[in-house]
Amino acid sequence: MNKELQGLFLCLAALGFAYTILMLLLILVSGIKLFKTISLVFTLSALLFTLGLSKQVKQRIKQKLSKIMPFQAERYSAS
């Protein structure tokens, strides 16, 4: 994937995460119910964030998570 496109995805994801945090603060202060909106924005931001990461970074994250949570690395057959 193009590096400029990856940078754009990461930038949009960061903006989405910031918007989510601001909406959570608004909920705490005013009591407005925006849970659907926040969950949608957070999901889209997480998707853009994963699209913006390079393959090397994804591999390093998987390695770190497999060290932290070894039970996910073990797979059992269905039979």
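Aromatic rings of Phe, Tyr and Trp, the last through its six-membered ring, are taken as a pair if their centres lie within 6.5 Å. In the predicted model described here, Phe-17, Phe-42 and Phe-49 form one aromatic cluster. A search of the whole structure returns two aromatic pairs. One of the two is formed by Phe-17 and Phe-42, with 5.5 Å from centre to centre and 55° between the planes. Planes under 30 degrees apart would count as stacked and those over 60 as edge-to-face, so the pair of Phe-17 and Phe-42 is classed as tilted. Phe-17 belongs to helix H1 (residues 3–30) and Phe-42 to helix H2 (residues 35–52), so the pair ties together parts that are 25 residues apart in sequence. Phe-17 counts as partly exposed because its relative accessibility is 25%, and Phe-42 counts as partly exposed at 44%.

The overall fold is described next. The secondary structure consists of three helices and zero strands, and the order of elements from the N terminus is α-α-α. Of the 79 residues of the protein, 15% count as buried. The accessible surface comes to about 6700 Å², and carbon and sulfur atoms account for 70% of that surface. Among contacts between residues at least 6 apart in sequence, 58% join residues at least 24 apart.

Helix H1 contains 28 residues, and its first and last C-alpha atoms are 40 Å apart, close to the 40 Å expected at 1.5 Å a residue. The buried residues of H1 are Gln-6, Phe-9, Ala-13, Gly-16, Thr-20, Met-23 and Ile-27. An α-helix has 3.6 residues a turn, so residues three or four places apart point the same way. H2 is included in what covers the buried residues of H1. After H1 comes Gly-31, with a positive phi near 80°.

Individual positions along H1 cover a range of accessibility. Lys-3 lies in H1 and is exposed, because its relative accessible area of 69% is over the 50% limit. Phe-9 and Thr-50 are 41 residues apart along the chain, and their C-alpha atoms are separated by 8.5 Å.

Thr-20 is a further residue of helix H1. Its relative accessibility is 6%, so Thr-20 counts as buried. With residues up to four places away in sequence left out, Thr-20 touches Ile-38, Val-41 and Phe-42. Val-41 has its place in helix H2. From the side of Val-41, the residues touched are Gly-16, Tyr-19 and Thr-20, again not counting residues up to four places away in sequence. The C-alpha atoms of Val-41 and Thr-20 are 6.7 Å apart, for a separation of 21 residues in sequence. Two of the residues touched by Val-41, Gly-16 and Thr-20, are listed among the buried residues of H1.

A nonpolar patch on the surface is formed by Ile-21, Leu-22, Leu-25, Leu-28 and Val-29, which together have about 570 Å² of accessible area. Leu-22, one of the patch residues, is placed in helix H1. Leu-22 counts as exposed because its relative accessibility of 54% is over the 50% limit.

Helix H3 (residues 55–68) has 14 residues, which should span 20 Å at 1.5 Å a residue; the end C-alpha atoms of H3 are 20 Å apart, which agrees. H3 is hardly covered, as the count of buried residues among its 14 residues is zero.

Conventions. Residues are numbered from 1 along each chain as its sequence is written. This is a predicted model: local features need pLDDT of at least 70, side-chain atom pairs count only at pLDDT 80 or more; totals for chains, interfaces and linings use all residues. Side-chain values use heavy atoms; hydrogens and water are left out. Helices (H or I, at least four residues) and strands (E, at least two) are DSSP runs, numbered from the N terminus. Buried means under 20% relative accessible area, exposed over 50%, partly exposed in between (1.4 Å probe, protein chains only). The expected span of a helix is 1.5 Å times one less than its number of residues. Contact means heavy atoms within 4.5 Å. Accessible areas come from the Shrake-Rupley method with a 1.4 Å probe; for residues, only the protein chains shown count as cover. Patches are made of residues with over 30% relative accessible area and no salt bridge: like charges are joined within 9 Å, nonpolar side chains (Val, Leu, Ile, Met, Phe, Trp, Tyr) within 5 Å. A salt bridge is a side-chain nitrogen of Lys or Arg within 4 Å of a carboxyl oxygen of Asp or Glu.
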